[in-house]
Amino acid sequence: MPVTSRAFVKASIIYLCLGAIVGALMYIDRWISLGSWISYLRVSHVQMLIVGWLTQLILGVAWWLFPPLKIGLRSDAPLPVRSGQSQRGSEPLFWATFICLNVGILLRVFFAPLYSWSKLDFFSFLSGISGLFLLTAAISFVLNMWGRVRELGRPG
């Protein structure tokens, strides 16, 4: 498994654990009141489990398992144009996807509850900016993976 995929999978496991902890606190709050603040964590709980865990796990495994990019030979060299990690696409673009995705998740996880609690527009703005980071991550992932979505054995 490439380093990039491992980073995504490890981050997804961290979000799974954090989401499970927040979910457990919300569940315990049904019987033992932990305070009114616990209700503000619902958005964070969903964000950690759906985007942080599930989506991030899917992206990391897709980067690892999708078919490689077409390997071509240059006319002036007997070696393939792409080899090794470059067969997966642009690694820097994939790291940008990782960073944008996690910044988007963290902005939403921290600032959505703060906005619900305080009603300060600044926290609403920061929570909203998370959507731009998540959109950027989605677009960069699609751009990086599009060439790998093809039938095996056929020219790409």
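Predicted model: local features only at pLDDT ≥ 70, side-chain atom pairs only at ≥ 80, totals over all residues.

Modeller: In helix α2, the buried residues are S44, H45, Q47, M48, V51, G52, Q56, L59, G60, A62 and W63.

Colleague: What covers the buried residues of α2?
Modeller: The cover includes α1 (3-28), α3 (91-118) and α4 (121-145).

Colleague: How many residues does α2 have, and how far does it reach?
Modeller: Helix α2 spans residues 42-65, which makes 24 residues. From its first C-alpha to its last it reaches 33 Å, close to the expected 34 Å at 1.5 Å a residue.

Colleague: Where is the kink in α2 centred?
Modeller: The kink is centred on M48 and amounts to about 30 degrees. M48 is also among the buried residues of this helix.

Colleague: Back to α1, then. At what angle do the axes of α1 and α2 cross?
Modeller: They cross at roughly 160 degrees, and the two axes come within 8 Å. The angle is over 145 degrees, so α1 and α2 are roughly antiparallel to each other.

Colleague: Is that crossing left-handed or right-handed?
Modeller: The crossing of α1 and α2 is left-handed.

Colleague: Changing topic: which residues are buried in α4?
Modeller: In α4 the buried residues are F123, L126, S127, S130, A137, S140, F141, N144 and M145. Their cover includes α2 and α3.

Colleague: And how far does α4 reach?
Modeller: Helix α4, with 25 residues, reaches 37 Å between its first and last C-alpha, close to the 36 Å expected at 1.5 Å a residue.

Methods
Residues numbered from 1 in each chain as written. Heavy atoms only, no water. Helix = DSSP H or I, 4+ residues; strand = E, 2+ residues; numbered from the N terminus. Expected span 1.5 Å × (residues − 1). Bend = angle between axes of the 7 residues up to and from the residue. Buried < 20%, exposed > 50% of the residue type's maximum accessible area, 1.4 Å probe, protein only. Contact = heavy atoms within 4.5 Å. Axes fitted to C-alpha atoms, helices over the stretch in contact; angles between N-to-C directions. Parallel < 35°, antiparallel > 145°, perpendicular 65-115°, else oblique. Left-handed = near helix turned anticlockwise from the far one by under 90°.
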